[in-house]
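Please review the following briefing on a protein model.

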Amino acid sequence: MAVWIQAQQLQGDALHQMQSLYGQHFPIEVRHYLSQWLEGQLWDVIDLENPQEEFKAKRLLDSLIQELQNKAEHQVGEDGFLLKIKLGHYASQLKSTYDRCPLELVRCIKHILYTEQRLVREASNSSSPVGGMMDTMSQKYQQINQAFEELRLLTQDTENDLRKLQHNQEYFIIQYQESLRIQAQLTSLATLPPADRQLREPTLLSKRATVEAWLTREANTLQKYRLDLAEKHQKSLQLLRKQQTIILDDELIHWKRRQQLAGNGGPPEGGLDILQSWCEKLAETIWQNRQQIRRAEHLRQQLPIPGPIEELLNDLNSTITDIISALVTREESLARKCTFIIEKQPPQVLKTQTKFAATVRLLVGGKLNVHMNPPQVKATIISEQQAKALLKNENTRNDSSGEILNNNCVMEYHQATGTLSANFRNMSLKRIKRSDRRGAESVTEEKFTILFESQFSVGGNELVFQVKTLSLPVVVIVHGSQDNNATATVLWDNAFAEPGRVPFIVPDKVLWPQLCEALNMKYKAEVQSNRGLSEENLVFLAQKAFSSSSINPDDYRGMTMTWSQFNRESLPGRNFTFWQWFDGVMELTKKHLKPHWNDGAILGFVNKQQAQDMLMSKPNGTFLLRFSDSEIGGITIAWVAENPNKPGERMVWNLMPYTTKDFSIRSLADRISDLNHLLFLYPDRPKDEVFSKYYTPPLSKAVDGYVKPQIKQVVPEFTTTNPDPAANPTYMDHGASPVVSHPPNYGIYQPMSDSMLDADGDFDLDDTMDVARHVEELLRRPMENQWSGQQS
């Protein structure tokens, strides 16, 4: 990561130290707007104590001022106008300050960069894995910038040599014309009288011999210049290939992998602007070298000299064309490593007849002046098999697996950011054509992809490129009920796809720790919480996934989970899969339980036996919240209390699980508040201390003699009179109400010993909740309609 990006994240004293580095001698705005350029220069190679180094410092000062002026020129709009004036002022200020002492500028910048690196290193604590990773990235970025500086110097050197070669060749041609003139004079002597010929011939012969000798020597010199220049170009192209490999095969692939993991809830991929700046530098340097090689070829054609230079120049021209083609697009890899990329992916679960968006960007569009004739991009949905055929360069023209509306978009150049992109805002999948499915594969396991393709030319139609890129796999659904299983397919693909794979192959089984990492990433993103899945939570999930009772995490580290176990086969004794259960937990937590999960109030991933073991050692009234084993998207309350049928004996009770439909009527906090027998949240926290901030405020007093009724949850066997009227809302009827205390539907019984309980020892609140919902609907009606005939 660039030092300046990290420096902006400093806090406290470190931030103040960083800010104190800047002032009139070097404004912080210059550091901000030229951060990449400043960090890419070789400041350390200049010896501040050597006056002979002043010319290098002067060149850096001139380059700095030029960069500032270029940055100022590209500012547009009202804000850009002010920034343009400010940057121009800083350019003049730095020139007047350091023009006579450029070494002082180098001293100043070296001190700033060194101090920033130290502050960042101290803040990130390089002994930690994260800090070490940041240091590694910073070093890598610095190496890339240093390589660009080396390329810049090499390109400048070959440019100087080319100009020198051109000058020498022009002088050679002049001398060659002089030799032809002398030869013509010698030929014309034959028409003169012998006396005149003998008088003039020796002088002309001497001049001819001198010129021809010079031409012979100079021809050898020119040939050497050409060979030396070709060797320098070979070195430049080798370095260009190496730099391009690092940027496209390493950094761009890593960015795309981060983008894919972001689809599972990983951190934002970021870094695209840095990648673009690198790709633009590559494009600029490649194009400069290409133009130099073409000029060298023109000089060779203008003055042919026998030797190996013709073959060398042909090889150089072919190599540089390959390099620029690889930068723009790579057909053999279906543009996986090219600079035509998808900046914003389409949704990976794609519902038909629903609007969606995507953005593609050409990272080198600005430098290659593609925007001067902006290309059009077309989007097509294709199947996995069609994507494989495209990878093999098989003819798939006009093949598609569906129809996308609004699937054409012209690329636009955004001058403020220097980006060339096409923003598809209103695409819609009108229809989909599915292929024959294999074995147990369902429609929510079938993968498609959006193919984006375009064509553009550079160098006045000198080179024409056809570019293509594929989106991440998408699963097409036609109904919201398919979303759950489609998300499972996408999660598995994003988590376990390998770079460079054949579309869209993923392993059929993965190690349990790998799946844990993916589940934790997804859970934190969906719930929008920094509290992820603990090791105890993951052990619980392993027990559920593998039908195991082991509580030792090490027992699961070498175990593998197949795709079928994940989302094809139902869990033992259930009618849902492992993923469907886990996804239900995420949905419930995201919609209704997020604050309680963040507070640590929900243990959640605890089975019934564990809950009993935990609660039996605690005082009566202690309770905990755990996710239901038997119901998708359910959470239950377990608490310890006396056994009413056996005085002196205690037992653990489990309330029938709540689901989203229950919390749409009354929140979890209010339900816990309603149950006066719940006193302490496990292990020993008073419930009001944990939940009171989420209670619904008491209803206001009666207006015009009427009070508003309210539903309250009651478990009859545990109902106690609350003497504090402020703690209980006012009710329309304080007597028995079938809504809140109907024994057959709201009773609570001893586990496993009563015919009213289910096999898990839970009792069913569904019927009672149906009544509650009916009453709530009645309460929404105007009072005069409910109580007509009762009004006074």
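**Sheets, cores and selected residues**

In strand β18, Arg-685 is the bridge partner of Leu-681. The model is a predicted one, in which local features need pLDDT of at least 70, side-chain atom pairs count only at pLDDT 80 or more, and totals for chains, interfaces and linings use all residues. Residues are numbered from 1 along each chain as its sequence is written, and side-chain values use heavy atoms, with hydrogens and water left out.

**Overall composition**

- The protein has 25 helices and 18 strands; these are DSSP runs numbered from the N terminus, with helices (H or I) of at least four residues and strands (E) of at least two.
- Of its 792 residues, 46% count as buried, where buried means under 20% relative accessible area, exposed over 50%, and partly exposed in between (1.4 Å probe, protein chains only).
- The protein exposes about 39600 Å², of which carbon and sulfur atoms supply 50%; accessible areas come from the Shrake-Rupley method with a 1.4 Å probe, and for residues only the protein chains shown count as cover.
- Among contacts (heavy atoms within 4.5 Å) with a separation of 6 or more, 68% are between residues 24 or more positions apart.

**The five-stranded sheet**

- An open sheet of five strands has the order β16-β15-β14-β17-β18, with mixed pairing; two strands pair if DSSP finds at least two bridges between them.
- Strands β16 (650-654) and β18 (685-686) stand at the edges with a single partner strand each, so one side of each has no neighbour in the sheet.
- Strand β17 (residues 680-681) runs antiparallel to β18 and is joined to β18 by two bridges.
- Helix α17 (residues 578-598) lies across β14 (622-627) and β15 (635-642), at about 135° to β14. Axes here are lines fitted to C-alpha atoms, for helices over the stretch in contact, and angles run from 0 to 180 degrees between N-to-C directions.

**The four-stranded sheet**

- Another open sheet, of four strands, has antiparallel pairing and the order β6-β4-β9-β10.
- At its edges stand β6 (408-410) and β10 (463-470); each has a single partner strand, so one side of each is left without a neighbour in the sheet.
- On average, neighbouring strands of this sheet are turned by 25° against each other, direction ignored.
- Three bridges connect β4 (residues 376-383) with β6, and these two strands run antiparallel. Val-410 in β6 is the bridge partner of Gln-376.
- Helix α11 (residues 309-328) lies across β9 (448-458) and β10, running at about 35° to β10.

**Nonpolar cores**

- A nonpolar core is a set of buried Ala, Val, Leu, Ile, Met, Phe, Trp, Tyr and Cys residues joined through side-chain atoms within 4.5 Å.
- In the largest such core, of 81 residues, Ile-247, Phe-340, Phe-424 and Phe-452 touch the most other members.
- Helix α9 (residues 194-262) gives the largest share of this core, with 14 residues.
- A second, separate core has 62 residues, including Trp-512, Ala-518, Val-539 and Phe-691.

**Glu-280 and the cysteines**

- Glu-280 is placed in helix α10 (residues 272-302) and counts as buried because its relative accessibility is 16%.
- Apart from neighbours within four places in sequence, Glu-280 is in contact with Leu-363, Val-364, Lys-367 and Gly-418.
- Which class does Cys-409 fall into, buried or exposed? Cys-409 is buried, since its relative accessible area is 14%.
- Cys-516 is also buried, with a relative accessible area of 7%.
- The disulfide count is zero, a disulfide being a pair of cysteine sulfur atoms within 2.5 Å.
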